[in-house]
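Morning, everyone. I'd like to walk you through one model today. Have a look at it first, please.

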Amino acid sequence: MDYLDELESQSIYIFREAYRSFKDLVMLWSIGKDSTVLLWLARKAFFGHVPFPLMHIDTSFKIPEMIEYRDRFARQWKLKLIVGMNREAIDSRQTFPDGAVSRLQCCAALKTEALRHTLSGRWPRRILDPDSGEFYTVENGPPFTGVIVGARADEEGSRSKERYFSPRGQESDWEVSDQPPELWNQFKTDFAPGTHVRIHPLLDWTELNIWEYIQRENIPVVSLYFDQGYGRRYRSLGCWPCTAPVESTAKTVAEIIEELRSGKFAHIAERSGRQQDKEDGSGLETLRRSGYM
Amino acid sequence: MTASSTAGLLSGRNRQQMNIVVIGHVDHGKSTLIGRLLADTGSLPKGKLESVQAYCARNAKPFEYAFLLDALKEEQAQGITIDTARCFFKSSRREYIILDAPGHVEFLKNMISGAARAEAALLLIDAKEGIRENSRRHGYLLSLLGIRQIAVAVNKMDLADYRRDVFETIQKDYTAFLQQVKLQPRFFIPVSARFGDNLCTRSARMSWYDGPTVLEAMDRFEKEPAGREKPFRFPVQDVYKFTEEGDDRRIAAGRVETGTVRVGDEVVFLPSGKRSRIASIEGFNKPPQTEACAGQSTGFTLTEQVYIPPNQILCRADQPPARTGTCLKVNLFWMGRQPMVKGKRYKLKLAAARESVWLREIYTVLDATDLSTDSRSCQIERHDVAECLLETLRPVAFDRVSEIAQTGRFVIIDNYEIAGGGIILDAIAPEKDWLSEHVQRRQMYWQRSRIRPQNRSERYKQNAALVLLCGPNGVGKSEIAKTLEEQLFSAGRMVYYLGLDNSLLGVDSDLQTADERDEYIRRLGEIAHLFADAGLILITAISHLDDYELQAIRTLNQPYPCLVVAIGPHRLVHSRPDLHLDNPADVPEVIEKIKCLLAREHYLLEYHL
């Protein structure tokens, strides 16, 4: 077994522990490369099936190609897709691009709040009917208690502190200084009523590992990651007002791997194009404690 | 990618990854060492060093390498590592994941979490402070966690004027300590993390030292062998059948912990003892396999469709099997807020098994900071290490840790939390199991009324008993039980039907998951005993009853009898049901047979004057 086999095997193991332990399981799909690898690993773990729904939090500021890609593969792979949104903040234009709030406040409202309330079922969920390919809305859905997330420890400081199974309080809050121990391959899978857990199968993967795996498995990813001839591409995907493309002429997965291994991005952090990380010395930590992914 | 673009060893699929944990007493300089290692090997993202330096300047703090890791506000505020931060770095030999484990005793469970997933450890000792409480405790825990590759860095040599005698005294004392726990560090390295001495480059200030630098020592560690040559062990995590998605495969899923298995091999599920053969090795988006080996998460279909109970370990029939038993002699480390006590029910997680477990006996409690032992303790306090005897209600499959580590380790759950972890030293054949001992004690202290069982028998014209209906779901067991109750009641008998749901809603409302079935069984046994003591015939139905569960119920119901009526196919192998009915559809006939059995066995008394 090589290192990619080892990473894959551990992720699959975590998926199966999660599926065994939690009845109300959901997986977050941001459409980016990490959560798409996560989705692929779920299909590996369950022999081609994805036996739980996927949830996408749509901020309405996602780049259109992302939504098109999401709906195409949700239909092709027969995924149970749930879409959540902070309709009120978007409709009343309480967002950063409209100039009403800061970047971090916008993230808190459109992502953290929307996620929290869609997970709990308090806000309506739009659900894709895999047969007709159309969306329908469900109010007062059941809460999810296990949430599978594609966070990687190498992304930024606060994520390096996560467990494979990280408990969250009722309001999605994160008690960083009092996390459960994880011994060998035994994780915290017992939870008091009212708490829920974030599960991180990709915690040990690096950005380079992700691309190497995409190459090996031939996983389709959004075209935005590749240079379309303008000398620019996205290295990390988010909302268009806060995510800048990087200067790069990488047109293939192999060229991206080369850039990361020894080329121009070997020593530049992946999220350097994300503006919200820079607002405050520890912006992401503040967001994560209140439930941000 | 061009061949010359990366160093040969790092390119392509031959690359290696290794987890290394950095541990030591609080303030002995772990974060500084890691921060400096990242900076000196050029592993930091561009701008990271500058931004942390700027942050320090802004807050009027002197820059320290440790701040590179302290990405969280809370950490910076307290100046100590709270959790295991992971950082990634590369040498010319391989990639490393460095786990920075906290040295403060309050965060010991975090240190354990970091160390438990490491393949090697770098242990720091402050040259000026010397060996401290956690230097010893961490050393001991490494041995418990099974980490054998250790380098000891004697840090802050700058504060000891780079003196050779200071280094050698610590080396001598600490080697002697580790010997007691059968650990032998491969390297002792004098270091000043702050100034970079002997970290990535050899120090001119300690020319008396001719061993490797920290970086060289790390590169000299070897990857643990995957365990292919050991007997095959496959804890079954789950059995999948995605029929609703048009997939009829029934797949036993899990990870091969050790050994190999091929299509066609005969296999045994333990502890159940069921046998079958591997029909296929399943996977998604990969070429068909005929062999699965250690480390792979995979799945098997079997030639015979045997029922696979949960919690099993799959072994090969031609190899030494895993052990099975209910009594385990273990070395256990306790992290719970509440001490571990005898008589309390905990949950054991061992390989894929989850079982109720009790602390039966404490042999010794060890103070890991000085290895002194206490054999009189009656409980295991937080941060104690104890050699003790655990007992499960049902048999579990396992190995001795000295033979197969992966199936010789476990954790203990107390009130939803992982409160303990340990290794299995041996299996014990106890003179008496925990439940029998409990029943003996219960009978001794039971407060008896003045009415004796014979008085009740005479009054009620019956002998008290538990009538247990078993068989698969959906054969109408509860309907039969209710009808039986009704008819016996009409005939003047003292009888009560206990529905499974009623018990779950009442005394068992604190039980949440299917994992806790054995606790439900235990409580059913105690409830049955109460009803029998009151002179009643209690009727209840339970699906998929197995030998161990029946044995537990029988034991707890003592001295009263238990009549087992199997309706349809059942799972009892060692014990025979008192009555086995293949055709449950004919309810009147079933009832008649049960009533005949009760009369024949003198539970229903008739008086002929």
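I'll start with chain B as a whole, go through its sheets and loops, and finish with chain A and the cores.

One caution before anything else: this is a predicted model. Keep that in mind throughout.

So, chain B overall. It has 609 residues, and 57% of them count as buried. The chain holds 14 helices and 28 strands. Its C-alpha trace spans about 110 × 60 × 45 Å along the principal axes. Now the contacts in chain B with a separation of 6 or more. Of those, 72% are between residues 24 or more positions apart.

Next, a sheet in chain B. What is the strand order? It reads S25-S26-S24-S27-S28, five strands in an open sheet with parallel pairing. At the edges sit S25, residues 495-498, and S28, residues 579-581, and each of these pairs on one side only. From one strand to the next, the twist averages 20 degrees.

S27, residues 562-567 of chain B, pairs with S28(B) over three bridges, in the parallel sense. Opposite B:Ile567 you'll find B:Leu581 of S28(B).

H13 of chain B, residues 547-557, lies across S24 and S27 of that chain. Against S27(B) the helix runs at about 155 degrees.

What sits between H13 and S27 of chain B? A loop, and B:Pro559 is in it. The peptide bond from B:Gln558 to B:Pro559 is cis, with omega about 5 degrees.

There is another cis bond to see. B:Leu270 and B:Pro271 are joined by it, and omega there is about 10 degrees. B:Pro271 belongs to the loop between strands S10 and S11 of chain B, residues 266-270 and 275-282.

Move on to S5 and S6 of chain B. These two pair in parallel over four bridges. B:Ala153 has B:Ile189 of S6(B) as its bridge partner. Which way do the S6(B) side chains point? B:Phe187 and B:Ile189 go one way, B:Phe188 and B:Pro190 the other, and all are buried.

Buried or exposed, then, for B:Asp161? Exposed, because its relative accessible area is 57%, and the cut-off for exposed is over 50%.

B:His602 is another non-glycine residue with positive phi, near 65 degrees. You'll find B:His602 in the segment after helix H14 of chain B, residues 587-600. B:His602 also counts as exposed, at 55% relative accessibility.

Over to chain A, and a pair of helices. H1(A) covers residues 3-21 and H6(A) covers 207-217. They pack at an angle of about 95 degrees, and their axes are 11 Å apart. So H1(A) is roughly perpendicular to H6(A). Who makes the contact? From H1(A), A:Tyr3, A:Leu4, A:Asp5, A:Leu7 and A:Glu8; from H6(A), A:Asn209, A:Glu212, A:Tyr213, A:Arg216 and A:Glu217. By class, these contact residues are four nonpolar, one polar and five charged.

Stay with H6(A). Is this helix mostly covered or mostly open? Mostly covered: nine of its 11 residues are buried. Among them are A:Leu208, A:Ile210, A:Trp211 and A:Ile214. The buried residues pack against H1, H2 and H7 of chain A, together with strand S1 of chain B.

Last topic: the cores. As background, nonpolar side chains tend to be buried together in soluble globular proteins. Here, the largest nonpolar core has 120 residues. Inside it, A:Phe15, A:Trp29 and A:Trp211 have the most contacts. The top contributor is H1(A), which gives eight residues. Take A:Trp29: beyond four places away in sequence, the residues it touches include A:Leu39, A:Leu54, A:Met55, A:Tyr69, A:Phe73 and A:Leu81. There is also a second, separate core. That one has 34 residues, including B:Ile20, B:Ile34, B:Leu68 and B:Leu122.

That's the tour. Over to you.

Methods
Residues are numbered from 1 along each chain as its sequence is written. Chains are lettered from A and ligands numbered from 1 in the order in which they are written. This is a predicted model: local features need pLDDT of at least 70, side-chain atom pairs count only at pLDDT 80 or more; totals for chains, interfaces and linings use all residues. Side-chain values use heavy atoms; hydrogens and water are left out. Axes are lines fitted to C-alpha atoms, for helices over the stretch in contact, and angles run from 0 to 180 degrees between N-to-C directions. Angles under 35 degrees count as roughly parallel, over 145 as roughly antiparallel, 65 to 115 as roughly perpendicular and the rest as oblique. Contact means heavy atoms within 4.5 Å. Ala, Val, Leu, Ile, Met, Phe, Trp, Tyr, Cys and Pro count as nonpolar, Asp, Glu, Lys and Arg as charged, and the others, Gly among them, as polar. Two strands pair if DSSP finds at least two bridges between them. A nonpolar core is a set of buried Ala, Val, Leu, Ile, Met, Phe, Trp, Tyr and Cys residues joined through side-chain atoms within 4.5 Å. Buried means under 20% relative accessible area, exposed over 50%, partly exposed in between (1.4 Å probe, protein chains only).
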